[in-house]
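Please walk me through this structure, one feature at a time.

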Amino acid sequence: MKKTFRRAFIEITNGCNLACGFCAASARPRRDMTVEEFENAAGQAGRLAEVVSLHLLGEPLTHERFPEILAACSRLGLKLNLVTNGVLLDRRQELLFGAPCLRQVSVSLHALACLPAQRRGAVLNAAADFARAKPPGLVVGFRLRAAPGDAAARVMAKELAEAFGKQAPEASGHLKLAEGVFLNFGALFAWPGGPGGTGKKACLGLRHHFGILSDGRVVPCCADFDGAMALGNVNERPLAEILGGAAAEELKARLAGRLPMPAHCSSCGFAPPDA
């Protein structure tokens, strides 16, 4: 039976081991989900969404109980995507390759721009080695968002493509590096909540996906990094009740363009994934 949502984003931690200039500046203190909180959230999310993605803010691999989180995903029978900056991939390789739940690893290469060139190159090489060693069926996607003319981004794209015997795209594009390994090269986007507007008319939030912050608050999308439009808390109310409530239905209609777009979203430049 087809589930209501394509993807559920769960933030197991909002802490990170990098200070990426592109990332949103959150006002929240660091918080890690407990394993029990995660099992509660993920168990409910898995009944509503086809895929659970460890993503919002933060670096999931820094969670001190990440092996238990991963084991819970396998125990719950989830299809799991991991979004990471790639710095810790080599240390977690054996664990990740042995997880039956893991379907995709998405590496956000733009996060590496804050590293010195030599360190950045070492992480990039280790990530390429990870992708070459992956088991069949696991997808590795390298994401690179950068401003036009960003020299560091061009170097990363070039070096990664060459590691697979390919030529990097000149601009935004999608490149297959190997079987189940891809590079997606695109532009930066504006985070929501800022000044001005982009003329955005609609979004797939609450139709294609939803998110759960590390404190349990349920948000409409992965860009609502501080819970500005939180609908409730999965630690306090059932997730299906929160997402099926009147507030969620109204917000979904606004995000779909059937009612005026929320002011918080008007400045968001994120292009949502296809449904």
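A disulfide is counted here when two cysteine sulfur atoms lie within 2.5 Å. By this rule the model, which is a predicted one, has 0 disulfides. Take Cys20. Its closest cysteine sulfur belongs to Cys23 and is 5.9 Å away, which is too far for a bond. Cys73 is in no disulfide either; the nearest cysteine sulfur, in Cys101, is 4.9 Å away. Cys20 has a relative accessibility of 17% and counts as buried. Cys73 is buried too, at 0%.

Next come the aromatic rings. The whole structure holds 2 aromatic pairs. One is formed by Phe5 and Phe210. Their ring centres are 4.9 Å apart and their planes meet at 75°, so this pair is edge-to-face. Phe5 belongs to strand β1, residues 5–10, while Phe210 belongs to strand β8, residues 209–212; the pair therefore ties together parts that are 205 residues apart in sequence. Phe5 and Phe210 are both buried.

The other pair joins Phe97 and Phe130. Here the centres are 4.8 Å apart and the planes are at 40°, so the pair is tilted. Phe97 is in helix α3 (residues 89–97) and Phe130 is in helix α4 (residues 117–133), so parts 33 residues apart in sequence are tied together. Phe97 is partly exposed, with a relative accessible area of 21%. Phe130 is buried, at 0% relative accessibility.

Both helices of that pair deserve a look. Start with α3. Its buried residues are Leu89, Arg92 and Leu96. These three cover an arc of only 75° around the axis, so they lie on the same side of α3. An α-helix has 3.6 residues a turn, so residues three or four places apart point the same way. Arg91 and Glu94 are exposed on the other side of α3. The cover over the buried residues of α3 includes α2 (66–75), β3 (80–84), β4 and α4.

Now α4. This helix has 17 residues and reaches 24 Å from its first C-alpha to its last, close to the 24 Å expected at 1.5 Å a residue. Its buried residues are Arg120, Gly121, Val123, Leu124, Ala127, Ala128, Phe130 and Ala131. What covers them includes α3, β4 (102–108), β5 (139–145), α5 (151–163) and β7 (181–186). A ring and a charge also meet in this model: the charged end of Arg132 sits over the ring of Phe164, 5.3 Å from its centre.

Strand β4 is part of the cover for both helices. One of its residues is Ser108. What does Ser108 contact, leaving aside its neighbours within four places in sequence? The answer is Val83, Thr84, Asn85 and Arg143. Ser108 is buried, with a relative accessibility of 12%.

The last stop is a loop. Leu206 lies between β7 and β8. Its phi is near 70°, a positive value in a residue other than glycine. Most residues other than glycine have a negative phi. Is Leu206 buried or exposed? Its relative accessible area is 5%, so Leu206 is buried.

Methods. Residues numbered from 1 in each chain as written. Predicted model: local features only at pLDDT ≥ 70, side-chain atom pairs only at ≥ 80, totals over all residues. Heavy atoms only, no water. Phe/Tyr/Trp six-rings, centres within 6.5 Å; stacked < 30°, edge-to-face > 60°. Helix = DSSP H or I, 4+ residues; strand = E, 2+ residues; numbered from the N terminus. Buried < 20%, exposed > 50% of the residue type's maximum accessible area, 1.4 Å probe, protein only. Lys NZ or Arg CZ within 6 Å of the ring centre and 35° of its normal. Expected span 1.5 Å × (residues − 1). Contact = heavy atoms within 4.5 Å. Arc of directions from axis to C-beta.
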